[in-house]
Amino acid sequence: MSTRFQILVGLLFTLLTGVPLATIAVNDFGIVPSSEPMGLERRAAARRGREIEMGAETFARWCAGCHGVLGEGIPQVAPALARGDLLDGRRARAIGWTAGTDALIRHTIVAGRPIPSRPDLYAARMPAWGSEFGGALGAEQVNALVAFILNWRVAAPEVNAFPPLPPTVAATRVPALPPTPTPRVQVLPVCQMIPAPYAGAKAPFPSDDKAVLASGKQIYEARCAACHGNTGKGDGPAAAALNPKPANLTDKAFMRMLPVDCHLYVIAEGVKGTGMPPWKSLGNDALWKVLIYTRAFSGTP
């Protein structure tokens, strides 16, 4: 092989090797026009996008039932998360939290909040979702949730989720629904004094109506399954953090002690001292549908 041919082969090899290396340099080290993002920045943005997408899926599955599909909150259940004061740090400062908004959100998700911060406004108790506290979410899922919630920061509306309670209102507050005068027997304690208008209420739909059951199932999976479990056994992912535990709706003996009118009362008004929040904001129609669906777990009319 001649020297000239060897030199030609060497030059060709050098060119073929240099092109891929130049491509890597362009992508990874930002040797591009200043108007285009560097490769590392694009990769970081892509990773953050995937994390937010995972957080959206996790939020829809575990959080939307109490905080709303868009983080708008549910009256009497749980506050809005997509709101300016939470995401810009004002809420953290107001409660004396100094570690930053992302840390506040992460800590609340992981460790929960066994006592509602404003039981007069929101009845749901935030369970511990972090796996280190017995919850269903690992560190990666928690981080994704935090990223998803913080993603609302840019367009978060101003929502007064924790208005002050006037002392006069607190002092004069009386039960809106007086109990019936006659206690019942052979029922759960919560059912012994059913207030009007729940006492004697009867379902407006047949218990075997397929459309009603399908609608009730949809409501149950969105609002109830996180605590009561997909099949009603009280074994949902949030159950581990609750004391007392959610009711086992498949237990026939238990359900016989929960008459229909009391069942409606419990779903609508919640149960004080437990993790059961009031759901009357769903409306009477939805309450009856989810009641009929949940009673089907045990076959109790």
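A: Cys-66 counts as partly exposed, at 26% relative accessibility (buried is under 20% relative accessible area, exposed over 50%, partly exposed in between, with a 1.4 Å probe and protein chains only). The model is predicted, so local features need pLDDT of at least 70 and side-chain atom pairs count only at pLDDT 80 or more, while totals for chains, interfaces and linings use all residues. Residues are numbered from 1 along each chain as its sequence is written, and side-chain values use heavy atoms, with hydrogens and water left out.

Cys-63 is buried, its relative accessible area being 13%. The closest cysteine sulfur to that of Cys-63 belongs to Cys-66 and is 8.9 Å away, which is too far for a bond (a disulfide is a pair of cysteine sulfur atoms within 2.5 Å). Cys-66 is likewise in no disulfide: the cysteine sulfur nearest to Cys-66 is that of Cys-227, at 6.6 Å.

The structure does hold one disulfide. Its partners are Cys-191 and Cys-262, with an S to S distance of 1.9 Å. The torsion about their S-S bond is about -80°, so this disulfide is left-handed. Cys-191 lies in the loop between helix 8 (167-172) and helix 9 (210-223), and Cys-262 in helix 12 (residues 260-269), so the pair ties together parts that are 71 residues apart in sequence (helices are DSSP runs of H or I, at least four residues, numbered from the N terminus). Cys-191 and Cys-262 are both buried.

How values were computed. Helices (H or I, at least four residues) and strands (E, at least two) are DSSP runs, numbered from the N terminus.
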